[in-house]
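Q: I'd like to learn how to read a protein structure, one feature at a time. Can we go through this one together?

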Amino acid sequence: VKDLEDAITHQFRAVELTPAGHTDKPARLNNLGTKLHTRFEQSGNQDDLDQAITHYTTALTLTPEGHHEKPSQLRSLSHSLEERFKQVGNVLDLEEAIKCNTRSVELTPENHAQRAQNLRSLGVTLVTRLRSPHAYTDDAPRAMKAFLEAMQHPTSHPLERLHASELYAVTLTEFSHLFTAPPRLSLLEAWKHAISLIPRCIWLGNNVRGRYTSDGLSVVGAVVNNAATAAIATGEYGLALEWLETGRAVVWSQVLQLRTPLDDLQRLHPQLADHLRHVSHALELTASGSPSMSMEAQLPSSSHDIQSPSSHVYALEYDKLISTIRELEGFEDFMQPKTLAQLAGACASGPVVVINVHESRCDALVLCRAVGDVIHIPLPELSLIRAMGIQKYLWDLLRAKRFLNRCRSDLQDEGDERGGRVTAMDPPDMMRKILADLWNWVVKPIMDIVCTLETPSATLPHVTWCPTGPLVFLPLHAAGIYPKNERTSTPSQTIMDLAVSSYTPTLEALLKPRAQVTPDGQDPRVLIVSQPASPLAINNPIPGTTTEAAIVMSLVGESKPLDDADGTIQAVLEGMATHEWVHLACHGAQNHADSTNSAFILHDGRLTLSELMSHHLLNADLAVLSACQTATGDEKLPEEAVHLAAGMLNIGYKSVVGTMWSISDYVAPEVMRVFYTVMAEQVKAGGELQPAYALHEATKALRRSSGRGGMNDFLRWVPFVHFGL
């Protein structure tokens, strides 16, 4: 808050020191208005809003006609006037806001990069009047016309066009009764247009961290969620599934896309590849103007003539390039989302359950090979509020018991209860309630249907979960009714009794070839990394990793240990390139401030997620991440799967074992003993490997144990999860 106060103080002083008639006076007044409006949004002080309007108005008056900043000034003034109408209710403010936006659009050349933003602002103010008692009969068609032009505007930023597409669809849904003639685009056509813009909203030219922190990525999840909900409501379940896939793990998808189509394009058509990179970069630069850019840059009044033709040309050239590339043999689907037919192979090993959580409804969409179509399962007991409530309940418990911020060594004492209490309930009772709610509201209704689709077998079916929103962070694989007393005659009802569970960040991740025993009959080569006392975690030794490494080595065939000082970043990366399996027994941490900086703690440094993303392993099969928080993820970007387990999947591993929160240094070796015993049996038997079944057996063994673990010691056995095939 002090930073904002200081900014306003300095901006006031700058205005005072700028003489009347100076060319920078309007810009400094406008910037002052913006800062005051920001403070109003923080504090709700009406005086700040009034002052902002006064300064915006003065700046507008002092700016000569034809000046290139006039449209953005009008838009800023309109925004504050509309806000004051919402606060005070004076319809004159709203009328003036609409006039300002109308004038802003009139002054913006057809091909200008900010035309969509000005059109969207006009549409928003018209919708505000539609929702008030002061609506005009032509407000709805005028708003829809503005949104339609904005969403189809070729030279504006894709994110602006995405916003406009969403507003078109939302307005059509809310005011459909006002339209006497069908709109230019139907509801699903509008959402389809929005989905088509997603690949261009997260620009490939940014580094990975830049893409994860961009405004576009936080918007994409909500847009896809709304679009899929609209498709489900109209019975278009296959379309909903395609759209949900398009909006999941967008950055990962881009990384993988660059490794295939663009690499192939560079190899086969290098001039086209170079041209595409150049045009993409140029288009981003010409369309990146924003209200935060200072007017004090003193661009010439003819800047419209400079910017508009170039941005227009680049936009047309970009579309032309994409079309040209898609006409080439082998590039027909270049930068196109996968279709349902292409995604159908994801359910080769069992049903895949995609769960859409929306404020209006919650639904499961199941891909099942036995049926050959998408099965819709409504979830009437689940709501967005309930899902958010369960997530908060779980994370409050994990934070209080320090399972989200402490490491293996902190969890080795069975009696360690240094975390504070969250409620009057004991942790087992809290977890029992969380898992029961997940069972009753989510998992049981789904499994009641899924169990009827699978052919009866002595082997449990394999179900892969692909949730959205708050469910991404919740242990669906452990959902169930667990009796408080393990010796009670009341039987448990759990997902683990019905199926083996896995997770996947995307359906595409399940389209890889399944892991096999090596063709020549040799055992997989296993890289075993253990870090009992990394210098980077000198106060947190984890001696259990040495025991664990010995257990793994005794159960696998050909292996290479990298213990302690041998476990450097370079040695680990080189070993991963030459071994089909990797076992990492070390400290791991999810970085909540910057998820791409989440890392494995090795002897000489941190092997981060961003570093992993630069690698591509061709022969990788299985990664076992016996470290803390390797599948926690970013709370702000649930659909993006920004965690180490997803990182290992996306660099080439087909199957990954990870942890949802911190694990015990004593428990981990026991889990791995059972896991690798089962894996060794699978290797000996030959054929497809099934790590998910091995982890299922290991978790069951931990649940049955009378010591650490045990059925009601949920925080110790629940975090182990399997991703991928």
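This is a predicted model: local features need pLDDT of at least 70, side-chain atom pairs count only at pLDDT 80 or more; totals for chains, interfaces and linings use all residues.

Q: Let's begin with strand 8. Which way do its side chains point?
A: Here's the general idea: in a regular strand, side chains alternate between the two faces of the sheet. Now look at residues 526-530, which form strand 8. Val526, Ile528 and Ser530 point one way, while Leu527 and Val529 point the other way.

Q: Is strand 8 mostly covered or uncovered?
A: Mostly covered: five of its five residues are buried.

Q: Which strands pair with strand 8, and in what sense?
A: One is strand 9, residues 559-563, which runs parallel to strand 8 and is joined to it by five bridges.

Q: What do strand 8, helix 20 and strand 9 make together?
A: They make a β-α-β unit, and a right-handed one. The helix in that unit, helix 20, covers residues 544-555.

Q: Now a single residue. Where is serine 132, and what does its side chain reach?
A: Serine 132 sits in the loop between helix 6 (115-130) and helix 7 (139-151). Its side chain reaches the backbone nitrogen of histidine 134 at 3.1 Å. If you skip neighbours within four places in sequence, serine 132 is in contact with Phe85 and Leu94.

Q: Why does serine 132 count as buried?
A: Because its relative accessible area is 12%, and buried means under 20%.

Q: Can we try that on glutamate 160: is it buried or exposed?
A: Buried, because its relative accessible area is 15%. You'll find glutamate 160 in helix 8, residues 158-174. Leaving aside neighbours within four places in sequence, its contacts are Ala116, Gln117 and Arg120.

Q: And the cysteines? How many disulfides are there in the whole structure?
A: A disulfide is a covalent bond between the sulfur atoms of two cysteines. A search of the whole structure finds zero. Take cysteine 586: the nearest cysteine sulfur belongs to cysteine 628 and is 9.3 Å away, whereas a disulfide needs the sulfurs within 2.5 Å.

Q: Are cysteine 586 and cysteine 362 buried or exposed?
A: Cysteine 586 is buried, because its relative accessibility is 0%. Cysteine 362 is buried too, with a relative accessible area of 4%.

Key
Residues are numbered from 1 along each chain as its sequence is written. Side-chain values use heavy atoms; hydrogens and water are left out. Buried means under 20% relative accessible area, exposed over 50%, partly exposed in between (1.4 Å probe, protein chains only). Helices (H or I, at least four residues) and strands (E, at least two) are DSSP runs, numbered from the N terminus. Two strands pair if DSSP finds at least two bridges between them. A crossover is right-handed if, with the strands pointing away from the viewer, the path from the first strand over the helix to the second runs clockwise. A polar contact is a pair of N or O atoms within 3.5 Å; within protein, one must be able to donate a hydrogen and the other to accept it, and residues adjacent in sequence count only if both atoms are side-chain atoms. Contact means heavy atoms within 4.5 Å.
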